[in-house]
Amino acid sequence: MNNIIIHAIIRGTAQNYLDPGSGSIIIQLIIGTVLGLGVVVRVFWGKIKGFFTRNKGESDLVLDPTTVVEDPSDNYSERSE
Amino acid sequence: MNYSAYSTGGQEGWSLLEKVNGSFRDPSGFMFALNGQLYRQVNEKYRQDYDLLMNSGLFDQLTKSKTLVSHKEADLALAPRAEIAYKIIQPAVVDFISYPYEWCFNQLKDAAILTLSIARRALEFDMSLKDASAYNIQFQHGRPIFIDTLSFEKYQEGLPWVAYKQFCQHFLAPLALMAHTDIRLGQLLKVYIDGIPLDLASQLLPAATRLNFGLATHIHLHAKSQQRYADKEISQDDMKGHISKSWLNGLFDNLLSTVRALKVKTIATEWTDYYQSNNYTQASFEAKRSLVKSLIEKVNPKRVWDLGGNTGEFSRAASEMGIPTVCFDIDPGAVQQNYDLVKKYKEKFMLPLLMDLTNPSPALGWHNAERDSMQARGPVDLVMALALIHHLAISNNVPLFDVADYLAELGEYLILEFVPKSDSQVKKLLASRKDIFPDYSLKGFRNAFTFRFEIISEEKVPGSERTLFLLKKK
């Protein structure tokens, strides 16, 4: 299946300032299918779990450093000057 | 793209301002320093993406979580290249610029997790992280922070992650090699400035890693795919529509769990149990600590470097006073222990880094100017070298005069602990070799160091044969 896609997209030139690399794109196409499916399954599973535990994937939020958490110990002033 | 510290060399046409090296690749903008302040020019070309970053809520989300460096907009008249300028911004300053080959395993791992988390978060705001260079991460206040404001672009439906290869080379390959082959392979990042080539990583990793889904795909298969399609060209238009957002989220999640699963065993190397196994008594240790503390208070420095600082026992005398302190050590185990402490106690002024002082980080990259040498990132007000000198003078055969020359270039003040030949640690170093160091004595030390330094104070460390000096550069 992927062969068709791969052959369809191997033409022309990329416009990025970073060269993503042809092989790197192709491997993404191949594993993306598997991994994308994994996300669907996980979201679905999380919903089932959340229904019973009322704990909506909280642990994942704690692990994600880009989550905004109010931390009272964090009240240092930014040394920006 | 990335920036290093201020460039020191004046460049042609940049009389008042200094171009900051390492940020020249990205057509979206560049860093520059003007009158001691650090700025970034955002080019007209990047206008739409910049506005989207600022207005979509992504910038707020990332700066509030302290994961992206904050900035304020400055006067557009400062633009060094006004004809292509859209904005001038002034980013918050990072205390010390460090590089991936100076980080311990857990620092590189946290930097990788941050990069992926930002990529995933950006996608929520319809933006894509176009750059996954490890040099875009710095450590500030004990935590990794993303420093390249211009790494975000509008997400285009259907396109793959353009920085995937870069992420694998900069983060996944070195982490996997350190975890599965040898912790020292992190040093390959010094040779390969754009990350470890995946075919090399694939060869060096043990065969068993092919059974790990993440490593099998992102490194082994990825390397094979690169080889097979090396000379094929792919157009963006053709790529469109093939990879959906949920594919990308799946990719980020899988990379995250692959990275999270990588661990190094507690590295009990040479120095990690130094304080337990050497002949310091608890009382003598405490006395040395309070002595060091009083000397630091006397100097009252703005920045401190502790050379050979092990797990940071004595660096903390400085960092606990709120002084940004870098603790360098040669031992990855000690650096990692130190970093784990920083995280555990949320310490804000301690930065543990890996450094071999007999071969410190050189200037690297294009023009030898993309990454600064260790020395170019100094000098600082105060350098500490506690129980270090015998390693430089005896293990590494550096004459005391040369040690003095070098240390004088790193800092204004120096707290140095002299360890005499009668000390058990030095005896150990001399046990298996001929003593070719007739000048290695307290007298010889004073003689060599007073060429460069003035002795402000000297005191015996109670309960030991060692002497603690406070020296000031002449």
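**Note on the predicted model: chain B and chain A**

1. Pro379(B) is placed in the loop of chain B that runs between β12 (350-354) and β13 (380-385). This description concerns a predicted model. The peptide bond that joins Gly378(B) to Pro379(B) is cis, with omega at about -5 degrees. Most residues other than glycine have a negative phi, and most peptide bonds are trans.

2. The loop between β12 and β13 of chain B also holds His367(B). Although His367(B) is not a glycine, its phi is positive, at about 65 degrees. Is His367(B) buried or exposed? His367(B) counts as exposed, because it has 8 C-beta neighbours inside 10 Å.

3. Asn368(B) is likewise found in the loop between β12 and β13 of chain B. Its phi is positive as well, at about 50 degrees, and Asn368(B) is not a glycine. Asn368(B) has 12 C-beta neighbours inside 10 Å and therefore counts as exposed; the cut-off for this class is 12 or fewer.

4. Chain B is assigned three stretches as domains: domain 1 covers 17-91, domain 2 covers 100-261 and domain 3 covers 274-473. Taken over C-alpha atoms, the centres of domain 2 of chain B and domain 3 of chain B are separated by 36 Å. Between these two domains of chain B, 12 residues of domain 2 are in contact with 20 residues of domain 3. Which helix gives the most to the side of domain 2 of chain B that touches domain 3 of chain B? It is helix α3 (residues 105-124) of chain B, with three residues. By class, that side of domain 2 of chain B has six nonpolar, four polar and two charged residues.

5. Within chain B, helix α4 (residues 164-180) packs against helix α7 (residues 213-228) at an angle of about 110 degrees, and their axes are 11 Å apart. The angle makes α4(B) roughly perpendicular to α7(B), because values of 65 to 115 degrees fall in that class. On the side of α4(B), the contact is made by Cys168(B), Leu172(B), Ala173(B) and Ala176(B); on the side of α7(B), by Leu215(B), His218(B), Ile219(B) and His222(B). Six nonpolar and two polar residues take part in the contact of α4(B) with α7(B), and no charged residues do.

6. The contact of α15(B) with α17(B) has six nonpolar residues, one polar residue and no charged residues.

7. Met54(B) belongs to helix α1 (residues 47-55) of chain B. Met54(B) counts as partly exposed, because it has 16 C-beta neighbours inside 10 Å. Met54(B) and Tyr440(B) are 386 residues apart along the chain, and 60 Å separate their C-alpha atoms.

8. Chain A contains three helices and zero strands. Its elements run α-α-α from the N terminus on. Chain A has 81 residues, of which 20% count as buried.

Notes:
Residues are numbered from 1 along each chain as its sequence is written. Chains are lettered from A and ligands numbered from 1 in the order in which they are written. This is a predicted model: local features need pLDDT of at least 70, side-chain atom pairs count only at pLDDT 80 or more; totals for chains, interfaces and linings use all residues. Domain bounds come from an automatic or database domain assignment. Two residues are in contact if their C-beta atoms, placed from the backbone, lie within 7 Å. Helices (H or I, at least four residues) and strands (E, at least two) are DSSP runs, numbered from the N terminus. Ala, Val, Leu, Ile, Met, Phe, Trp, Tyr, Cys and Pro count as nonpolar, Asp, Glu, Lys and Arg as charged, and the others, Gly among them, as polar. Axes are lines fitted to C-alpha atoms, for helices over the stretch in contact, and angles run from 0 to 180 degrees between N-to-C directions. Angles under 35 degrees count as roughly parallel, over 145 as roughly antiparallel, 65 to 115 as roughly perpendicular and the rest as oblique.
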